[in-house]
Amino acid sequence: MKLTEKQETILNIVKEKFAEGCFAEEVLPETEGLTIQSVRATLSSLATKGLLSKDKAKYEGKIKTKFTVKAGE
């Protein structure tokens, strides 16, 4: 499966630093020059490709999407 450079970068960050899952707001500080909207869109595109799963969970008092690396990825 072909991934863009941004998808590869964000997928690697999630795999290396967020084994228990993460929210876009947690990934953003690990990136350079990206906006929160860009991080969210990239995480969603990775979920669409089947590389991440997504669920709703509470983050800082709000229900947001939590992304987790799928088993075996």
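Helices here are DSSP runs of H or I with at least four residues, strands are runs of E with at least two, and both are numbered from the N terminus.

Before going on, note that this is a predicted model, where local features need pLDDT of at least 70, side-chain atom pairs count only at pLDDT 80 or more, and totals for chains, interfaces and linings use all residues. Residues are numbered from 1 along each chain as its sequence is written, and side-chain values use heavy atoms, leaving out hydrogens and water.

Let's start with helix 1 (residues 5-17).

| Part of helix 1 | Residues |
|---|---|
| Buried | Q7, I10, L11, I13, V14 |
| Exposed, on the face turned away from the buried side | E5, E16 |

What covers the buried residues? Helix 2 (24-27), helix 3 (36-48), strand 1 and strand 2 are among the elements that do.

Helix 3 packs against helix 1 at an angle of about 85°, with the axes 10 Å apart. That makes the pair roughly perpendicular, a label for angles of 65 to 115 degrees.

Now the strands. Strand 1 (residues 52-59) pairs with strand 2 (residues 62-69) in the antiparallel sense over 8 bridges; pairing takes at least two bridges found by DSSP. L52 has V69 in strand 2 as its bridge partner. The hairpin has 2 residues between its strands, and E60 takes a positive phi near 50°.

Methods: Buried means under 20% relative accessible area, exposed over 50%, partly exposed in between (1.4 Å probe, protein chains only). Contact means heavy atoms within 4.5 Å. Axes are lines fitted to C-alpha atoms, for helices over the stretch in contact, and angles run from 0 to 180 degrees between N-to-C directions. Angles under 35 degrees count as roughly parallel, over 145 as roughly antiparallel, 65 to 115 as roughly perpendicular and the rest as oblique.
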